[in-house]
Amino acid sequence: MPESSRYVRSLEVDSLELHRNSAKLGPICFTLIQSGCWWLAGPSGAGKSLLLESLAGFHAEAQGSVRVGGNEVASRSPERRAISLMPQRWRLFPHWTVARNLRFAASLGGANADRIAQLTHRLRVQDLVNRSARTLSGGETQRIALIQTLLSPARILLLDEPLSAIDAALQSVVLDLLQEEAAAQGRICLIAVHRPIEGVPMRGTLHIERGRLLPRMEPVRAPE
Amino acid sequence: MKRSRADRFLFASAALLGALLLAFLIVPLVQLSWVSPLAIARLFSIPEIRKALILTFSCAAAASSVGLLLAAAFGYWLARRPVWISRVLLPLVDIPLLIPHPVAGIALLLLLARPGILNHLLQSLRLTPASGSLLGTPAAIVAAMLFVSAPYQAQVCRQAFAGLDPAYALRSRTLGAGPWRTLLRIEIPLVRRSLLGGAAMALARSASEFGAILVVAYFPRTLPVLIYEKFSNEGLDAVRPLAALMIVAGLLLQALLHGLQPDEALDHA
């Protein structure tokens, strides 16, 4: 059975390190053992993006252990990790329409047209599907990119500043959707932000500074 | 910016020298091709010329197609290797452009003539041509065209893949697509205009090749060989419609090449 279709409920990271140009990450150790959404919080330049990219397999030089559902994936290529990253500066595939961008992601994750329609309706982008991907604004692009990520087969979703271009009214819609997706599909969402948004019921928060996780990881909600 | 007198003088001087270059390049070609369109049309009724025309452009199309496949693979690989590898390999790939074309033809003789490496290979596969050698066959013409045009294609393909934002491939991979699907669905479509532009340039270069073809395949005659022969035997006037035909074909290919330029390149044009 492919890794991605298993009911993965854990992300275990041990001694993850990366030296890239002047940036240094780690050693990083943490374990997320329940499905749900987690913040990864830290100031600019703290290493949030570098950590997410390393987990997603973007940096061949990264050292250490990354286990998804108990399976070691650190030596695997990005598509074989069951981890999908939505980078901070996501540009859609510009040679396609929005609909084709979504169908591409859906074809990889085995999702059907109904699921695309459901997600586009939920994030209020159903009117954009026939537009060229080149013509979207930053906020529209970010919402389409989020849907692409949700359509992927991965069970661990890493979202780098997914709310940065989305207006305040829609932010709660996005966060609600992520919570529901995590609960319904047994996914773990790690959401990088400068500062956690107050009042959002997350599983917990990882704090990162200068490439290292801070020892505190609070609050953690009890499993439902 | 307000322009001073010195600015105006500088622009006028640059424009004058540019116009001189343009005139030097264009006037002889216009003069040569200043023939009646009927004279060009009549060429198509001469079997010898029709045959040469078909041979030239079919061989050029074959050379640019083979070149596209090989150069795209080479450019893709090179664009993903450290820059020092490009610095070492690209000058080597360019060598066929730097040597006189008859020398390129002589180099190909070693490959194509009996007992050349290629003939040995064909012999072992029981594919030896009836004449016993590839010399004087369309295959030799294609080889000569490929030899002098593939370096252009290799450069264009490497630049195309190197200029592609690697983030697109990473996004495709992190969504779950493997390397082949990413190459075929995302990367190649994103650089297709550059790749096809390189192929059009190779087609034009191949169709106009003379020196290397002369060595490996005087017969069957391609258009450039036929033009040279007619010019030697019958003089300038006999060759003008044929030369005009080549110039028109070159202009058409140039228009195609321009149409295939990536949008960004045209923006800066």
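## Second largest pocket

In this predicted model, 22 residues line the second largest pocket, and those nearest its centre are Phe58(A), Arg80(B), Pro166(B), Ala169(B) and Leu170(B). Four elements of chain B each give two or more residues to this lining: helix 3 (47–79), helix 8 (138–162), helix 9 (166–174) and helix 10 (179–207). Helix 9 of chain B contributes the most, with 4 residues.

The space in the second largest pocket comes to about 640 Å³. Sorted by class, its lining holds 12 nonpolar, 7 charged and 3 polar residues.

## Interface of chain A and chain B

The contact involves 25 residues of chain A and 17 residues of chain B. Between them the two chains bury about 1900 Å², with 62% of that area on carbon and sulfur atoms.

Two kinds of polar pairing were counted across the interface. There are 2 salt bridges between chain A and chain B, and 8 residue pairs are in polar contact, both residues being at pLDDT 80 or more. In one salt bridge, Arg91(A) pairs with Asp165(B), and their closest N and O atoms are 3.2 Å apart.

## Chain A side of the interface

On the side of chain A that touches chain B, the elements giving two or more residues are strand 6 (83–86), helix 2 (98–109) and helix 4 (138–151) of chain A. Helix 2 of chain A supplies the largest share, 5 residues. By class, this side of chain A has 14 nonpolar, 7 polar and 4 charged residues.

Notes: Residues numbered from 1 in each chain as written. Chains lettered and ligands numbered in written order. Predicted model: local features only at pLDDT ≥ 70, side-chain atom pairs only at ≥ 80, totals over all residues. Heavy atoms only, no water. 1 Å grid on protein atoms, 1.4 Å probe; cavity = no way out; pocket = protein on both sides within 12 Å on 5 of 7 lines; lining within 4 Å. Points joined across faces, edges and corners; volume = space filled by probe spheres on them. Nonpolar A, V, L, I, M, F, W, Y, C, P; charged D, E, K, R; others polar. Contact = heavy atoms within 4.5 Å. Buried area = accessible area lost by both parts, 1.4 Å probe. Salt bridge = Lys/Arg side-chain N within 4 Å of Asp/Glu carboxyl O. Polar contact = N/O pair within 3.5 Å; in protein donor to acceptor, adjacent residues only side chain to side chain.
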